[in-house]
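Open the model in your viewer and keep the sequence panel beside it.

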Amino acid sequence: MIDKKQLVSGIYLTSILLIITATFSLQVKKTPIKKQVTIFVHGTVFPFLAFLNPHKTYIHNLDSQDWYSRCIGQLRTNPLLQEDCIMLDVGLHKIDNGYLQQYTQQTLPPALSKKGAYQAIGAYHTITKLLANNSKQHVEHDYYTFGFTGLLSESHRKQTAEDLYQTLIKLIYTYKQQNYEPIITLCGYSHGGNVILYTAQAAERSPAAISIDTVVLLGTPLQTETAQLAKKSIFKTVINIYSTGDTVQSGDSFSTPHGITHRKLSDLFNTQEYVKVCPGKHLYDLQITADEDKQAFGHCAYWFFNHYSPGLFNTTPVNTQAVYNTLTPLPLVILIPLVKELLKKTSFTYQNITDLTLSLNAHESYFGFQVLNAHNNQCLLKSANIKNSVSRIQQYAQTSWQPYVHESFSMRLAVGALTALQTLVT
């Protein structure tokens with residue numbers, strides 16, 4: 001016969017154990033899983049078409065019925081635009097993890113392998129995985145494109161920034177509901193970078209507080225209005241990548257109220273003094289070069305396929321050509337994971353250096369980077385040799401990326417001109 005005291009004690013102990021187990025399970029469930037989320041934002045689509053309505057574009061007074069707006073609206077749906085750069089349809093689009101796996105296995109279906117977004121983001125992911133394997137840090141990754149109409153218009157960029165910010169709020173909420181802690185990287189090309197910076201203004205009008213871990217600006221025409229937004233607390237790290245060979249970045253006098261754009265954040269405020277008084281804030285002006293060639297990269301090299309070439313009157317140095325040969329046809333954006341990793345390491349030792357040079361070096365059996373102090377060319381850090389990994393990515397792109405026509409820039413111009421003419425007669 002069971003003793004009553006023993007029964008009560010047993011029930012009591014069992015209850016305690018159940019409570020402890022339930023509490024422990026609840027705590028485990030509440031511990032979020034970190035996930036790296038990278039979103040790519042393209043730039044202006046065919047900016048020369050703004051001259052269909054030059055005055056309205058200049059005074060930021062376009063409406064949906066203007067020739068320019070109608071033309072870009074039609075053009076933006078043309079699938080040819082998705083073949084040679086990171087661009088998908090308007091809005092937020094996830095790159096399915098199954099497709100990333102197919103890319104890794106070099107088995108992307110032809111319909112996707114001809115699209116620049118799948119090729120470039122696949123390459124980006126491959127380098128990310130390489131770095132994770134080397135450091136033995138395994139974090140899950142998701143990738144998205146965020147598309148917009150792409151008008152050359154400040155008011156349009158501000159509205160797009162509002163849309164992007166609201167999209168981020170929903171996306172972060174969804175991840176948190178699934179027990180993830182999303183670590184957000186926003187990567188913006190050309191005026192797509194200004195769209196990203198304008199999300200800081202949208203954040204000031206919203207009760208929802210979100211944080212962006214890293215912003216990468218590629219050839220962004222920095223404006224008096226937008227550069228200051230890099231200081232905002234919503235952004236933890238801002239990496240502004242520029243090249244003196246990029247004449248477009250500093251040449252947009254048309255769609256900014258001050259009539260001038262800049263290459264560097266430090267052209268508009270003292271970045272070094274700012275980070276000194278803001279613990280945990282990182283701002284970088286990062287000049288990208290091929291060895292010592294500061295003119296090596298033009299505006300399209302960051303984002304578009306097959307766009308490595310010297311300046312109009314430059315002769316390509318041997319070392320520069322070696323870098324071109326290592327990367328063609330892929331754009332520079334695929335190297336961002338390595339850039340982020342190097343800057344993270346650099347900041348531990350050189351916290352207040354904000355003006356840097358990223359020198360790409362290549363020869364027959366080597367491809368890697370040096371991070372230099374831009375003021376004295378002191379080498380702060382060198383990357384490992386990633387020649388073999390990049391060669392494998394390059395070879396896959398050379399065989400599987402089959403756009404409609406490889407002369408992509410000419411085709412884009414032709415498509416733009418044809419769409420403009422169709423708009424004018426309808």
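The tour below begins with the overall picture and then visits helices, loops and cysteines.

This is a predicted model, in which local features need pLDDT of at least 70 and side-chain atom pairs count only at pLDDT 80 or more, while totals for chains, interfaces and linings use all residues. Residues are numbered from 1 along each chain as its sequence is written, and side-chain values use heavy atoms, with hydrogens and water left out.

**The whole chain**

Start with a cartoon view: the protein chain has 14 helices and 10 strands. These are DSSP runs numbered from the N terminus, with helices being H or I of at least four residues and strands E of at least two. Of the 426 residues in the protein chain, 51% are buried. Buried means under 20% relative accessible area, exposed means over 50%, and partly exposed lies in between (1.4 Å probe, protein chains only). Among contacts with a separation of 6 or more, 73% link residues 24 or more positions apart; contact means heavy atoms within 4.5 Å.

**Helix H3**

Next, select residues 67-75, which form helix H3. Show the side chains of Tyr68, Ser69, Cys71, Ile72 and Leu75, which are buried. They sit on the same side of H3 because they cover an arc of only 165° around the axis, an arc taken from the directions from the helix axis to the C-beta atoms.

**Where H7 meets H8**

Now select H7 together with helix H8 (residues 191-204): the two pack at an angle of about 65°, with their axes 7 Å apart. The axes are lines fitted to C-alpha atoms, for helices over the stretch in contact, and angles run from 0 to 180 degrees between N-to-C directions. On the H7 side, the contact residues include Arg157, Ala161, Leu164 and Tyr165; on the H8 side, they include His191, Ile196, Tyr198 and Ala202.

Asparagine 179 has a positive phi of about 70° although it is not a glycine, and at 24% relative accessibility it counts as partly exposed. Then jump to asparagine 377, in the loop between strand S9 (366-373) and strand S10 (379-382). Its phi is also positive, near 60°, and asparagine 377 is exposed at 54% relative accessibility. Most residues other than glycine have a negative phi, and most peptide bonds are trans.

For a peptide bond that is cis, select threonine 328 and proline 329, where omega is near 10°. Proline 329 lies in the loop between helix H11 (318-327) and helix H12 (336-349).

**Threonine 224**

Go on to threonine 224 in helix H9 (residues 224-227). Which residues is threonine 224 in contact with, leaving aside its neighbours within four places in sequence? They are His258 and Leu268. Glycine 259 is 35 residues from threonine 224 in sequence and 9.7 Å away in space, C-alpha to C-alpha. Threonine 224 itself is partly exposed, with a relative accessible area of 28%.

**The cysteines**

Finally, select cysteine 71 and cysteine 85. Cysteine 71 has a relative accessible area of 0% and is buried, and cysteine 85 is likewise buried at 0%. How far is the sulfur of cysteine 85 from the closest cysteine sulfur? The distance is 9.3 Å, to cysteine 300, so it is too far for a bond. With a disulfide defined as a pair of cysteine sulfur atoms within 2.5 Å, the count comes to zero disulfides.
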